[in-house]
Amino acid sequence: MTVGLTTRTIAGDAHAAADAARCLEDGGLVAFPTETVYGLGADATNADAVARLYQAKGRPSFNPLIAHVESVAAALDIAVFDGLSLRLANAFWPGPLTLVLRKTTHCPVAELATAGLDTIAVRVPAHPTARDILRTLGKPVVAPSANISGHVSPTTAAHVESDLAGRIDLIVDGGPVAVGVESTIISCLGEPMLLRPGGLPRAAIEAVLGKTLLNVTDDADVSTPHPLAPGMLEQHYAPRTPLRLNATRIEAGEAVLAFGKSIPAGLDQASIVLNLSERGDPVEAAANLFGHLRALDAKGASGIAAMTVPMNGLGEAINDRLRRAAVPATSIA
Ligand code: TXA
Ligand code: MG
């Protein structure tokens, strides 16, 4: 492990991009804000830096990374687009959408970053700090969420520090992120398929495509050595405290992740209650999700009881993350 580094934190101001780009150019690991969650960046073309990134996160190296670029034009250099994927890129980039495409023959991204696949996940983030860094560096940056592998994704610089201080070189603090869940991942290798629900709702994508997105479960073949969304087989987004879903009755001492105005039986026995969105807004709930999970986890309660969150809009992504967070720790590979 790369524990023992001095991790600097700097403000995400006008000077940050130059500092961050220099550090990346030198093979360093830089955490920076995107509109979805904080990412841990490495120069995608530097295999040593990518190897250090996997090590700092404790991430299995068969789980490929998303290459972040500054523009659609830069994306065309590393991935092969067809009509539909280009339509999605033009409609939603910069923004919380990742496209899985074939690599171009001259793609400069290190093999390790794509785990030896001939495909690549690409996105153009919308956060101004992320865009400044990408523009200044002028190369693709691979960036998984800036947390220890399997842990809850970070939505503030403080979350990044608590997971990765001593393991990475630089943290750019751009304040809390806007979206709060990771990007939506669409495979465009055949018929467009939703690999991971995320910060861009399914309905918005289907409206642009003019057709329904396949689900990864529809025809995913998990027996292949390279499943369609390798990372989605892992337990992810996990608090240490056991989490149960769709709670309608609260047990004494439980920590409660509430949603909306309804009051479950036994709520007065809860050790702590945090509401994702009292007004029942899935966008507000997504922004609060990982921060609330971390805060509830820190209370040392016997369990976390999560109330039902409806599936509309970002609700699909929220429910996906909650379901993964509820997988018992004993089933972690
Ligand atoms: O919002 C986000 O997407 C954030 C920010 C930092 O941009 N990044 C993020 O990265 O969530 P990460 O590494 O936590 O998730 C990337 C997911 C993994 O599940 C990985 O397996 C999948 O993308 N992935 C990457 N390359 C792939 C490929 N070629 N084919 C299929 N899935 C791929
Ligand atoms: Mg992640």
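Domain bounds here come from an automatic or database domain assignment. On that basis, this predicted model is divided into domain 1 (8-222) and domain 2 (243-331).

Q: How far apart do the C-alpha centres of domain 1 and domain 2 lie?
A: They're 27 Å apart. Still, the contact takes 24 residues from domain 1 and 13 residues from domain 2. Those residues count as being in contact because they have heavy atoms within 4.5 Å.

Q: Why is the link between Arg-202 and Glu-316 called a salt bridge?
A: The closest N and O atoms of Arg-202 and Glu-316 are 2.9 Å apart. The cut-off is 4 Å between a side-chain nitrogen of Lys or Arg and a carboxyl oxygen of Asp or Glu, so this pair qualifies. Between domain 1 and domain 2, the count is three salt bridges.

Q: What makes up the side of domain 1 that touches domain 2, by class?
A: There are 10 nonpolar, 10 polar and four charged residues on that side. Val-152, Val-181 and Pro-197 of domain 1 lose the most area to domain 2, together 37% of what that side buries.

Q: How much area is buried between domain 1 and domain 2?
A: About 1,400 Å², and carbon and sulfur atoms give 57% of that.

Conventions:
Residues are numbered from 1 along each chain as its sequence is written. Chains are lettered from A and ligands numbered from 1 in the order in which they are written. This is a predicted model: local features need pLDDT of at least 70, side-chain atom pairs count only at pLDDT 80 or more; totals for chains, interfaces and linings use all residues. Side-chain values use heavy atoms; hydrogens and water are left out. Buried area is the accessible area (1.4 Å probe) that two parts lose on being put together, summed over both. Ala, Val, Leu, Ile, Met, Phe, Trp, Tyr, Cys and Pro count as nonpolar, Asp, Glu, Lys and Arg as charged, and the others, Gly among them, as polar.
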